[in-house]
Each structure stands twice: as structure tokens, then as C-alpha cells.
Amino acid sequence: MSLFKARDWWSAVVGEGEEFDQGCLCVGDVDNSGTGHDKVVVGSYMGMLRIFSPQASKSEEGGQGTADAQLLEVQLRDAIIQVEVGKFVSCSELLHLAVLHPRKLSVYSISGTAGNVEHGAQYQLKLVYEHNLQRTACNMTYGPFGGVTGHHSLCIQSMDGMLMFFEQDSYSFGRFLPGFLLPGPLVYCSRNDTFITVSSARQLESYKYETLAVATEAESRQDPDVPVKTGGKRLTADWTLVLGEQALDLSVPSFSHSTASIFVLGERNLYCLRDNGQIRFMKKLEFNPSCFLPYASVTEATTNLLLANHTNMLLVYQDVTLKWASQLSCVPVAVRIANFTELKGLVVTLSSDGHLQCSYMGTDPSFFSTPKVDAREADYEQVDTEMKSLQKYIREATRTQDILPKSDGENDLTVTATVSSSMDKPSRSLIQDIEGLPVPSVTIKVKVKASSSLQGSKLTVCVQPPLVVTQDQFVLEPMGVGSTTMVAFSAFLNGHYPPADLTGDIAVSYSTSTGVPRVVQCKFSLPLHLVCLPSSPAKSAQYKITVDTNQPPVNLNTVFPEFAQQSEDKEGHSLAFQFLSGARVSVLTSKTSQRYRVQSDSLEDMWLVVKELVERFDLHFSKLGVQDFRSSFAGPLPLAEYFQAVDNHFQLRVSAQKYQDLLSERAVQFRAIQRRLLTRFKDKTPAPLQNLDTLMEGTYRQVMALADAAEENRAALEQAFTRLRSASHLLVLLLSLWHSLSPEQTDILEAALLPLLHDTPQLGWEESCDAAVSHLLRTCLSRSPKDQATSLAQTGSPALNLPSDTVRLKKHITLLCDRIGKGGQLTLASEANVVVPPEVHTLARPGGVEPIAEVTGDVEEPQEAAKFLKKKQTSKKVKKDKESKEKEVLKEPSEVTVSEESAAVEEPAKEVKKEKKESKEKKEASKEKKEVLKEPSEVTLIEESVAVEEPAKEVKKEKKESKEKKEASKEKESSKDSKKEPSKEAKEPKVDAKKESSKDSKKEPSKEAKEPKVEAKKESKKESSKDSSKEKKEKDKDKEGKEPSKEAGDKKVSKKSSVKVKEKKPEAGDD
């Protein structure tokens, strides 16, 4: 929108009911007054010719200003197509007026006679000459054709493409334009003596006047393909330029003699060309132009341009730069610049309905001043009351934490859906019968009531597959205040399997009077007998579900009245539903207890019946006034059957992925064969195809077969997903009945097990459900606040991709059901209220937390829940727990742990000193070894392994360093004896202890703990080398008498160590 409006200097409405176009306006000193002031000449399609001499507008009434400015008004017999002012009479330098009619060209002279009274001068219109045209004219142009001076010639373009040239009162010649279809704008360029037009081929064409003059005489229109029989040359264009769009107007300004610019106004672009056809510049327009006019610029080598568009805007460009924008009162079809008595450079515009306006651009000073307002004393009581009301409103607004803004109390639309109680007769379904059973349809009527005037409302209907409706989209007619619109459609089954849900959604989208988009939604429930028919109950079935109530049994005929008429059991103890897809569901009532059994050979098909049974029981007992009615389910949950539906759906998804990969491979192969064949066919020297055509045909058959198989798999996948949704709905309902879940908890569980309404290759049910169930297990169903905080501290989550199998998903769903059965609360508030323990703060980084504590719960679960898990996971968990405990100890060291580590390091050195002192007494050394083996704790096992390992390492190093062969041999024998001492049964715990000790030794971070070890090793090396010879001699002396007692002691030690290791395993599992 422009900043300034065009200032109206003079305006008038020319005629009533007349039409004007871009050629109906011209300006010039048509009366040859000699003052240099222009007159405005306007001609209409009605044949009215008017001449104005505008003056400044005065405060006159009754249109006297327009009457004074009008010099002449003449009614001509023919419509006026174009008016031009120029030197059209030979031997005269005066300006004359040329008027183009459809079949005639007239040249007039305008003369004025001064009056003797105050009314002013009197003007007359005299005909100088005229030419009757043999062809219907379209437009004309004028100029000094052929370079003559002193007068102008005229060129008229006819509707059939002939250019007719006139020199004053004589006809010169005529030429047909080649390849002509429809006429376009025509202009003359005087600098290079050429005519420029735009052909119907949307290209700019230039013809020299000399070429037109010597070309073939145009007696009749000729085919350009037929050779010329008479003398003359064929007419060809000097140059052409493809525009690609239709041109609205052409202009060649004549204010520069050095260069000539050709301006072309297209429908979407503005072009500026040199006189040789080269583009100077081009500008893409963002609006629809109506007319334009180039004029001289004060800046050298630039051109100013007036450009009007259909949004009443007048834009001023300097080349391609926008300099000014003004708002006009109408859409002009012609624009000119004129000089008048009081002002020069006024913009003259003419609209298609005759609004003639002379305006200038700029602003007028405003002399308006605001009046003074009397100061009033403030009413402080009123201000205080208003302040309190505003504070109350702000307080109420900040108290609510809703994300979405609250809607107004009264909506602009009210949508009500009503489902017919009876089926349609005849049925409107596309499938007449399924397995011999007729497919019914039901009518739904939607009433839309408007409380305000609305336009462009759209109504959309959505039902669950395989249900369809006869029409799912409606465009509502404009509605007034209080008006009502009724829409009716039918719903029916269009597949060979039952739907997962019988509810439908209706959404009406509209825009308010302020332009704000709104949506109003409404739900409706389809009847059960739309997808099933009454049948005889089955005595046995594969799947059975028992629903308990706390009220006496009810007659099923009263609960299901629409099925009671055709039921065989009149007492109401049994009822059967035959689905159109083939499955039969039976409902049986217990005569002695308050139980109802639902049984069928298909688990998924039982969902709709169980849901309908529970809902109708609630409605039935609420009508009777029973307040404490409750339905329950005693179990067990049909998880094995549910997992069969999960596996079936997963296998179909895997097959779909395989078909997609195979299709991609075959398509690549097919394109490669095509390229080879094209290369062979394009080759100039023919070569044998080498069975490429056979290979291509075989590949094509494979592609088609794979496509058919993929389509069949897709249909089966849609059916499997619908059955999986039905089974998931049934599982959620049974869980809610089993543990009396609240509606909020049921919604959370349903959102976890049913995260998607539609299955896509990019995001499927398995990965979405696994992510949702895992989140519940980590948060509200976690075993302790510490586990919950640990899971919440984890940052980032893996991408949702198709899993390799469904084992993890089944495990999580089983764990979810078990934790709900043990009293777990499904709530989303625990995520925000959980207290994070201090131990978890160090774990809150990527990769520092386990994804889900499944096995922790599994260790504490009873045998019923543990049967779904593998036995090997307990040992893995023990190792994980030990490693996590060791990490926590290492990350948060205390004084006690540091002292224990240092003591554990110093123990090997102390043992070496003791061996020095007690080396002579072998019995005491064996007793110490027995006491070490008797200790059950893990620390002593680790110390013992360290003590056993260190002498062996020392002996190996002494082998290299020792120079005496006798001492080396003795050390080897001592090492062999030390290795033979532990029994076979005691080797296994020592090996484990060695591994754990090596891990602990690697993970010790303190440097102070490493230094004592090094010193202890050095001392032990020196002392052991001295004492080994002494110990060997004493051992040789005591061998004969003490070998039996030693062997007995070794046996006792081995037995005790093996017992301790066996008792250790259940203790680790308990941890």
C-alpha cells in the first residue's frame, strides 16, 4: 500500500455507460493555439469525441468546472478505436487529429473562434479527408516513414494482419505480416525507420520500412510456404525476440536522438530493448499491469516510467528502481503526461468506465490542529474499581496453565450427528454380500447450526477402515445467523475383516469474520449390527474371556434388543454374533453366578463384543439406579494369543521391506538393460542383441510379479494392523477391568499400546509401542525413585527403526502387565515430582545410564513372571550390579575405602615378613594358608589370589636375573610345589578372584596405592631369594615325616573351598 495518494488537480466523468481503451486518449495542442498548453482528446467506443482544456478545480457546484473545461463534444457515427495528434496534412505544419474507426480513417482540424461574451471561444471540428478501409482496423501508428520531414504518415494494422500505409490523403501500399494469427500492439521507431509489433507467437518482431516497401504487393493473403510467382521479395523480419508472454503495450520514446529504447509491457514482465533487439534490462512484476508510459529523466542514460496496475496504484520507476508510489481512485487503461496553463507535467489517466483525472504526486500541507480538551478531574473511586477488576482478570488468567487458549463460551458453529436406528433399505454398500451374508448400511445425519454469518465452511468425515462412507467431504453453502444446514451420508463395511473401532469423527473447518481459522469436531458411534448379524451360539471355542459383575445376571435380550428378535434363546442366557468376515462370537450367562463368558475362535473379533457388553451393562444398571455396579476380570491375560497377532504383523512388515528391496534391485536391472538396448539400437553398425530382449522381458515379468506380491502384502498388512489394534484394545480393556484402572490410567495405557492410527513404512507399531512401554517402565512403573530419576537423567534416545525381532517388545509388554498387576500406578505426574538422589547426578550424561532396568525387576519377580525370561540373565545382572557398585565406590571415595585399599596393598608385604620369621616352622605356615581359605568373603579371596600370583611373578623375574644355576633350579622346584598345593576344585574360584582382582587393580585411581605395591614387590624379591634356599633344605628334612599330614590337610582345604564357592552363587544371585 502506498504512503501517499495521487493529488487530484482536475477530474471529470466522461459519459455514462461508455467504454474506453488504451487508444482512446491522447494529449497535444490540437487547436494550434501556440501557447504550448496541451488539450486532452478522448474518444469512446460509442462514437463520442470530446476535447478538454483542464483548469484548476474550484469550489463550484453542479459540475460547472467540467463544463468550462470541455471545449468540444461531437457524436460520430462509428466507434472510435484510436485517436492521435500529428502533422497529417500535406503542405501544412499545423497539428491535426486522426480518428480511427473500424472501417474508416478520418483526419480532422480543430479551430477556435474567440467569443464576444463571457462564455469564451467556440470550437469547430472540420473533416479534412478520410479513407474507407477494405479491412477491419485494429490499431494504428504514425511517424516520418522513410525519413521524410515536415509531415507524418499513417500505418494501420488490420484484424487479419495487413499493414496499410497512407501518406496524407493518398494510399501508399499494403503488406501482410508473415505467420500472422492475431493482431498485437504496433509502434514506429523513427531512429532506424522500423515498425515493431508482437505476433501471436509471443515474440517481438521488427520490420524495416524499406523491406516493407519492396516486398510483394498484398493483393490477397498468401501462404508463406508457396513460392512467390510475381516480382518482389518475400517479407522477413529484421530481428525477433521471444518474450514468452503476451504484450499489453509498446512504446518508443523520442526524447533521445543518440539511442532509441524500445519498451515492452508484458503480462508479468517489463522489457527494455535497444533498437537492434538486444535487451537493456528486464524487471519481473509482482502485480498485473494495466498501462504504462516512458518519459524523460533528469539523470543521464536513464529513463523514467509511469506504470499503473489493477490495484489502483501508479508506480514511478527509474529504469528498474521504484522511486515513488501513489494511490489512484480507479484502474487506468491509458496514461499520458501533459502541460497545462497553471501546472506542467501533470499525469492524465483514463479508466475503462470514463473517469478522466489530472493528478500530481506529492502531499499537501495540513492546516488541521487538534482542539484543546478541557481537563477533567479523575474519579479515583472509579479508577480503583477498574484497577481491581483488571487485577482479578490477570490473576485468573495466570492461574491456569493451559497450553491452548480457552475457546469462547459460544462457538460460531454447532455440529450434531445422529445415527439412524434402522438399516438402509436398500443397502448402499459397494459389496452386496460377504460369504453369503448381506452387507447393510446405516445413514448418519449431521446438523450444522451457525450463530453468525459464515462462508466457505467444509465438512470432513473420517471412519476407521475397512468402514467407508458414501461421501467424506462436503462444501457447505454460505450460512447466515441462525441458519441450519443438514448433511446426510451412509456408512458400511468394505472389507473382509471387522474394524477396530466403530466410532467416527466429523470436523467442520471455517473462518471467523476476522479471518481466524477454526475447527469444530463431533463424534458418532456406529451400531454393532452394522458389522455382524445374530446367530446361534457355539458350544466350544478356542478363546474364552470371563467377565465378573457384582449384580445378578441380566437377560441378554434386554441388553441387546436389536439381536433378540432373531435369537434362538428366548430366556436370554446365550447370544451369538456372526461377523460378516466369518468369525462367530458367543456370549453365555452363568445361571448360578454373576459371570458372563465371551468365547470365539478369533481373539481380535471378541473386542467389539466385549466392549459393547461392558458399555451396555453400565448403561443398563445406571438406568436402574444402581450406583456401585462394577465389572471385573479375573484373568489370566491372553498374552500368548496377543503376541501371535504381534508376530503376524511384524512378519508382514519384514516381507514388505523385502519386497521393496527386491523391487529396487529389479528396477535397477531393468534400467540397465534398457540402456544397453538403446545403445545397441542407436549404433550405426547393427550388432546382435545377445538375448538382451529376452532378459528384459524376464526382468519385466519379475518386476510385475513382485509388484503384485507387494500389493497383496500391503493389503494383508492393513488387515493385520487392524486386527492388532483390535487385540490391543481388548488387552487394554481387560487390564482396566482386572485392576479397576481409572479413566486417566486407561487413557495412558491405551496411548502406550496404541500409539499409531496408521502404520507406515517409516514408523511402525512395534518401535512406537516399544518406546512408549519402555518409557512407562522407566518412569511411573519403575521399582524405586532412584531408578526413575536415573532413567529421567538419561539424555537422548535411539532412533525409532524397524527392530530385528519382537523378543524385546514382548518382554516389555509382559513386564508392563506384571508391574500393573503388582500395584503400579500409571500417571504422568511422577515425571515432574520425582526426587533425584545425589548418586544419580554423576550419571546424568550420555551413555552413563542403562537403557531400562528390566532385569532388576525380573530378579525380584515371582516364577510366573520370570518364565518369560531366560535363566542366563541373572548371572549377567550380578556382574552388572558388581560393576556398577565398583564404579560408585570409585567415583565417590571415602576415607574408609582409601584406608582399606592401602591396607589391602600392604598385606602382601606383611605376609613376606611373616614368612621370614616363620620360615623354620612349616606347620604354622600351613595353618595360615588354611585360615585364609576358610574366610568366605570376596576380599580374602582376592588377597589370596594376589598372594599366590606375586610369588609366581617374582620367581619368573628371578630366573632372568639370577646368575647361579643351582638357585634357579631350586626356585623352579619351589614354584612347582606352590602350584600343586591348591586342589582342582579350588582352582575355579581362584581364577574368578584373579579376574576380579585384576579389574580392581586396573581401576584404582590413586598413585599412593601403587607405590606400596612396587616397594613390597622389591622387598619380596630380595627376601624370597635368600629364604628360598633355607626353606628348601628344611622341606627336604621334614618331607619323610610330614608328607601324609600335608596331603590330608590339602584335601581338607580343597573340600572347604569348594563348599564355600558353591554357597557363594546363590548369595550373588540374591544380590
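A residue counts as buried when its relative accessible area is under 20%, as exposed when that value is over 50%, and as partly exposed in between. The structure discussed here is a predicted model. By the stated cut-offs, Cys138 is partly exposed because its relative accessibility is 23%. Cys522, with a relative accessible area of 13%, is buried. Across the whole structure, a search finds zero disulfides.

A pair of aromatic rings is described by how far apart the centres are and by the angle of the planes. The count of such pairs is 25. One of these aromatic pairs joins Phe165 and Phe195, whose ring centres are 5.3 Å apart and whose planes stand at 75°, an edge-to-face arrangement. Phe165 belongs to strand S13 (residues 162–167) and Phe195 to strand S16 (residues 194–198), so their pairing ties together parts 30 residues apart in sequence. Phe165 is buried at 1% relative accessibility, and Phe195 is likewise buried at 1%.

A further pair brings together Phe173 and Tyr209. Their ring centres lie 6.0 Å apart and their planes meet at 45°, so this pair is classed as tilted. Here a strand is linked with a helix: Phe173 lies in strand S14 (residues 170–176) and Tyr209 in helix H2 (residues 209–214), distant parts of the chain that are 36 residues apart. Both Phe173 and Tyr209 are buried.

Ring pairs connect Phe165, Phe195, Phe173 and Tyr209, together with Phe145 and Tyr188, into a cluster.

Methods:
Residues are numbered from 1 along each chain as its sequence is written. This is a predicted model: local features need pLDDT of at least 70, side-chain atom pairs count only at pLDDT 80 or more; totals for chains, interfaces and linings use all residues. Side-chain values use heavy atoms; hydrogens and water are left out. A disulfide is a pair of cysteine sulfur atoms within 2.5 Å. Buried means under 20% relative accessible area, exposed over 50%, partly exposed in between (1.4 Å probe, protein chains only). Rings of Phe, Tyr and Trp (its six-membered ring) pair if their centres lie within 6.5 Å; planes under 30 degrees apart count as stacked, over 60 as edge-to-face and the rest as tilted. Helices (H or I, at least four residues) and strands (E, at least two) are DSSP runs, numbered from the N terminus.
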